[in-house]
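Here's a quick briefing to read alongside the model. Take a look at the structure first, then work through the notes below.

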Amino acid sequence: MSTSTAIPAAVEADFHEPPVEHFDVLIVGAGLSGIGAACHLSGACPAKTFAILEARDAIGGTWDLFRYPGIRSDSDMYTLGYAFRPWEDAKAIADGPSILEYIRSTARDHDVVDEIRFHHRVVRAEWSTGDARWTVHAERSDTGETVRVTCGFLFMCTGYYRYDQGYTPEFAGTDRFRGQVVHPQLWPEDLDYDGKRVVVIGSGATAVTLVPAMAERAGHVTMLQRSPTYIVSLPAEDPIAELVKRFLPSRLAYSIVRWKNVLLTTAFFQLSRRAPKLVKGMIRKGVMRRLPAGYDVDTHFNPHYNPWDQRVCLVPDGDLFESIKAGRASIVTDRIETFTERGLKLASGGELDADIIITATGLNLLPIGGMEIAVDGREVKLSDTVGYKGIMFSGVPNLAVALGYSNASWTLKCDLTCEYVCRLLNHMDARGYSHCTPREPDPSLPREAFLDLVSGYVLRSIDQFPKQGARTPWRLHQNYARDIALLRRGALEDEGVEFSRARAPARQAAQVAA
Ligand SMILES: Cc1cc2nc3c(=O)[nH]c(=O)nc-3n(C[C@H](O)[C@H](O)[C@H](O)COP(=O)(O)OP(=O)(O)OC[C@H]3O[C@@H](n4cnc5c(N)ncnc54)[C@H](O)[C@@H]3O)c2cc1C
């Protein structure tokens with residue numbers, strides 16, 4: 001159910017203002033998480049009214065925004081897909097358009113499309129304890145209007161990075177370059193790279209996706225990296241999954257393959273943390289097997305950090321290695337001294353000529369979609385709060401965020417987060433609670449950064465994020481099995497959270513008096 005209630009204009013303080021719509025829950029963002037949240041909510045809390053405010057004019061978030069050649073997942077779709085909707089395609093590592101269609105069809109089949117308000121960028125939310133509600137301010141990107149909506153619970157599904165611009169470091173001499181410079185986040189639809197010399201700056205998931213995809217049509221593609229990344233090849237189609245799907249009903253097969261992949265990725269992560277040398281050696285052997293004899297693996301594929309200190313990149317069917325082997329792509333490990341008229345001058349003295357330079361240099365992280373928060377008139381600085389179960393923030397009532405794992409598929413955590421939020425809402429209804437506020441843990445307890453990756457994009461922005469504590473429920477475990485125990489089965493009332501009932505809200509009191 002999703003019909004809103006409008007507060008009659010007569011009880012609004014200002015008679016000239018239009019009525020403010022009220023929802024039980026407001027979801028912000030219509031990407032993979034926001035659509036998942038709406039489906040969970042309509043299934044588990046059918047009496048709740050809700051709407052989705054989305055800044056853009058489309059469903060899909062990341063999977064609609066990024067349009068570069070070869071755009072694909074870098075984790076398997078059995079775990080990046082929703083627990084409640086089997087991934088039916090043969091490709092486990094899937095292309096962007098298929099993922100977008102999966103999100104869109106999920107939204108259609110669960111009847112949540114009509115609840116989306118496109119062009120609504122949420123800029124501020126103010127909590128009033130007296131009214132037990134959030135007033136949410138959104139800017140309309142189509143009309144320029146500012147819209148106010150109220151809700152009892154705010155569910156932020158805004159992803160983790162800025163949409164308007166990607167990250168590009170300061171490079172000397174960029175204005176001298178006579179060719180084209182493109183950031184993958186703002187890909188020109190008509191970019192013609194047939195037969196051209198392309199340099200892709202970067203070594204992350206985007207760079208390793210772009211290089212083989214562009215090498216199919218470009219004259220030559222060079223991946224220029226400052227330092228290498230761990231790269232692991234996986235079959236694009238999972239043979240075990242295909243076998244299981246042939247003999248078992250779709251849902252059962254999906255669940256089995258999902259668990260298989262959860263266990264394998266967890267085991268790989270744990271082994272990386274406990275026996276990094278062993279895993280380093282295994283990855284190196286895998287790379288050597290796929291490249292021609294004598295290839296300089298030590299320079300181009302031997303990172304100076306341990307596996308999973310930064311995200312490990314997956315390549316389907318070794319496509320990156322295949323394009324290197326075929327001579328269509330190459331890797332240069334060096335630093336950029338300056339852009340020149342013809343390309344790039346490197347710190348080693350070498351030069352790279354290019355017609356097109358792609359800056360696959362990353363994202364700018366942004367928590368909660370850049371929204372400001374105030375609680376009872378007091379501005380909240382997110383970095384002063386501590387994350388509660390990785391979902392709520394200390395001192396901030398009735399607000400949850402869907403933030404996925406950094407070491408496994410995003411949706412594994414977001415599905416659990418949605419289940420938790422629905423349980424919480426039902427629990428609050430059953431007990432007559434109107435507020436649920438994580439309460440600051442003992443301030444003398446040590447606090448740590450929210451994410452424990454040392455990637456550049458994390459280190460650049462981590463000071464904008466909340467902190468985490470040393471133990472549950474303040475600790476972010478980045479572990480699916482532990483989160484099932486905590487979020488699906490764990491107690492809702494614990495030492496970290498305070499529930500309370502509202503006194504008669506001011507508005508109702510005014511109405512009664514009138
Ligand atoms: C190129 C790329 C590939 C990736 N591949 C993988 C992968 O293989 N596996 C994996 O686990 N993760 C991957 N990720 C991470 C990926 O972002 C998540 O998997 C997932 O798509 C995030 O979904 P989301 O809905 O939480 O966020 P997003 O996809 O970012 O969607 C957020 C939505 O919220 C909207 N929004 C943001 N701020 C506001 C606001 N203030 N007001 C209103 N609306 C707002 C946005 O417009 C957007 O529609 C990838 C990321 C990128 C960039």
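A polar contact here is a pair of N or O atoms within 3.5 Å; within protein, one must be able to donate a hydrogen and the other to accept it, and residues adjacent in sequence count only if both atoms are side-chain atoms. Keep in mind that this is a predicted model, where local features need pLDDT of at least 70, side-chain atom pairs count only at pLDDT 80 or more, and totals for chains, interfaces and linings use all residues. Residues are numbered from 1 along each chain as its sequence is written, and side-chain values use heavy atoms, with hydrogens and water left out.

**Around the ligand**

- Trp 63 puts a polar side-chain atom 2.9 Å from an oxygen atom of the ligand.
- On its own the ligand has 970 Å² of accessible area, and the protein covers 95% of that (areas by the Shrake-Rupley method with a 1.4 Å probe).
- There are 31 residues around the ligand, and Ser 33, Glu 54, Asp 74, Ser 75 and Tyr 163 come nearest (being near takes a heavy atom within 4 Å).
- That shell divides into 15 nonpolar, twelve polar and four charged residues (Ala, Val, Leu, Ile, Met, Phe, Trp, Tyr, Cys and Pro count as nonpolar, Asp, Glu, Lys and Arg as charged, the others, Gly among them, as polar).
- The largest share of the shell, three residues, comes from β5 (helices are DSSP runs of H or I with at least four residues, strands runs of E with at least two, numbered from the N terminus).

**The five-stranded sheet**

- Five strands make an open, parallel sheet in the order β8-β17-β9-β10-β13 (two strands pair if DSSP finds at least two bridges between them).
- At the edges are β8 (180-182) and β13 (329-333), each pairing on one side only.
- Three bridges join β8 to β17 (356-359), with Gln 180 partnered by Ile 356.

- The peptide bond from Thr 472 to Pro 473 is cis, with omega near 5 degrees, and Pro 473 lies in the loop between β25 (467-468) and α13 (480-489).
- His 119 has a phi near 60 degrees, a positive value in a residue other than glycine; the loop it belongs to runs between β4 (116-117) and β5.
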